[in-house]
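Please take a moment to look over the sequence and the three-dimensional view below before reading on.

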Amino acid sequence: MAKILYQHTVVRDGWHNAFTDLCFWHDSYWLTFRRGSAHVSPDGGIVIMRSVDLQRWQQVAFLKTRGDDRDPKFCPTTNRLYVYFGTWLPRPEGWPDKRFGPLVTHVSFTEDGAEWSKPIPAYKQQCWLWRVCYHDGIFYSSAYGWDDPREKHKSFLDLLISEDGLKWRKKCRIGGKDQQPNEADIWFQPDGEIWCIARTTRKPDHSLFYYSEPPYEKWECIDLKVTIHCPVFCRTNGRLYVAGRRRIDSPWISQEVPAGNTGIFIVEKGKVKPFIALPTCGDAAYPGFISPEPGKLLISYYSQHAYLSGVVYSRSSNVADIYIAEISTK
């Protein structure tokens with residue numbers, strides 16, 4: 001039975017703090033998120049924090065390029081901790097998109113947790129390495145992109161691979177522009193099959209479940225009939241879960257705490273079912289998701305519920321806080 005063991009406010013400083021990720025590496029917990037003045041703003045930068053006890057957090061790095069840096073994601077390996085993030089660059093003269101400039105994915109890494117490399121582009125423009133995982137000595141990413149900057153909604157989803165996490169190449173296409181997939185995560189099953197859940201901009205915007213067997217060149221697709229933005233997988237006690245932002249007006253199970261817009265689902269092949277929703281609202285979700293021990297899930301996320309409920313006062317509507325919660329699955 002799902003139970004929230006605790007929720008802890010990690011960051012509340014008056015900024016719009018959002019788009020989190022979480023990992024455990026070199027005997028410490030690592031948290032990353034974007035800090036900016038609004039959901040989209042040119043001052044957006046990447047904060048990296050470290051903790052040994054999940055209660056006391058220390059900022060160890062702040063990464064900033066000349067654009068709006070956002071949506072950071074970790075990829076830990078034995079010797080390095082990588083962080084990947086998207087950057088909306090300033091609009092060049094004559095650029096066809098009237099709101100956003102070119103998009104590039106940046107990567108930075110550390111070998112000691114203290115010194116981080118200068119961010120460098122990881123792949124070609126207009127392709128976002130949304131999440132990266134390291135499996136059997138190879139880096140994999142479900143990356144979405146678009147051909148025309150004016151039609152970012154007409155996106156495709158590719159599987160990229162890399163030997164060093166820095167230089168990437170396309171292996172195959174997971175989903176085409178007819179399906180309009182974007183934010184996605186992948187998970188390797190014990191038999192080698194890859195599962196992938198992706199958000200889509202189609203209508204209705206039901207998330208898509210893709211799967212493929214080695215050598216991962218042909219993919220099948222199933223409509224999940226439910227919306228899950230910013231999906232991220234985690235496995236504990238032999239069961240696979242996915243967390244992400246859900247439609248708050250969609251059906252949900254009864255639970256002891258208010259069911260907000262950050263949900264956790266149980267994943268089976270081609271289907272998901274509700275497990276528990278955190279009491280978040282407003283501009284929220286984009287979680288990091290790990291299992292600190294069998295039967296427990298640790299999730300990072302952001303939310304505006306403290307301000308929308310009146311518990312915390314702010315003159316600005318562009319404020320959001322960072323949280324961590326631990327959940328028992330037993």
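The chain carries 42 positive and 37 negative side chains, and the centres of these two sets lie 4 Å apart. The model is a predicted one, and every value in this report has been computed from it.

**The chain as a whole**

In secondary structure, the chain holds 1 helix and 24 strands. Its C-alpha atoms fill a box of roughly 45 × 45 × 40 Å when the box is taken along the principal axes. If we take the contacts between residues at least 6 apart in sequence, 48% of them join residues that are at least 24 apart.

**Aromatic rings**

How many aromatic pairs does the chain have? The count comes to 27 aromatic pairs. In one of them, the rings of phenylalanine 19 and tyrosine 286 have their centres 5.4 Å apart and their planes at 80°, and because planes over 60 degrees apart count as edge-to-face, this pair is edge-to-face. Phenylalanine 19 belongs to strand β2 (residues 16-25) and tyrosine 286 to strand β22 (residues 285-293), so the pair ties together parts of the chain that are 267 residues apart in sequence.

Is tyrosine 286 buried or exposed? With a relative accessibility of 8%, tyrosine 286 counts as buried, since buried means under 20% relative accessible area. Tyrosine 286 also pairs with tyrosine 302: their ring centres are 6.5 Å apart and their planes stand at 45°, so this pair is tilted. Here tyrosine 286 in strand β22 is linked with tyrosine 302 in strand β23 (residues 296-303), and the two are 16 residues apart. Ring pairs join these residues into a cluster, whose members are Phe19, Trp88, Phe100, Trp128, Trp130, Tyr144, Trp146, Tyr286 and Tyr302.

**Buried residues compared**

The table lists the relative accessible area of the residues discussed in this report.

| Residue | Relative accessible area | Class |
|---|---|---|
| Phenylalanine 19 | 2% | buried |
| Tyrosine 286 | 8% | buried |
| Tyrosine 302 | 0% | buried |
| Proline 287 | 1% | buried |
| Glutamine 189 | 13% | buried |

**Two further residues**

Proline 287 is placed in strand β22, the strand that also holds tyrosine 286. Not counting residues up to four places away in sequence, proline 287 touches Thr20, Asp21, Arg131, Cys230, Val232, Ala243, Gly244, Ile299, Ser300 and Tyr301. Lysine 203 lies 84 residues from proline 287 along the chain, and the C-alpha atoms of the two are separated by 24 Å.

Where is glutamine 189 found? Glutamine 189 sits in the loop between β14 (181-188) and β15 (194-200). Once its neighbours within four places in sequence are left aside, glutamine 189 is in contact with Trp195, Arg235 and Leu240. Although glutamine 189 is in a loop, its relative accessible area of 13% makes it buried.

Technical notes. Residues are numbered from 1 along each chain as its sequence is written. This is a predicted model: local features need pLDDT of at least 70, side-chain atom pairs count only at pLDDT 80 or more; totals for chains, interfaces and linings use all residues. Side-chain values use heavy atoms; hydrogens and water are left out. Helices (H or I, at least four residues) and strands (E, at least two) are DSSP runs, numbered from the N terminus. Contact means heavy atoms within 4.5 Å. Lys and Arg count as positive and Asp and Glu as negative; His and the chain ends are not counted. The place of a charge is taken as NZ of Lys, CZ of Arg, CG of Asp or CD of Glu. Rings of Phe, Tyr and Trp (its six-membered ring) pair if their centres lie within 6.5 Å; planes under 30 degrees apart count as stacked, over 60 as edge-to-face and the rest as tilted. Buried means under 20% relative accessible area, exposed over 50%, partly exposed in between (1.4 Å probe, protein chains only).
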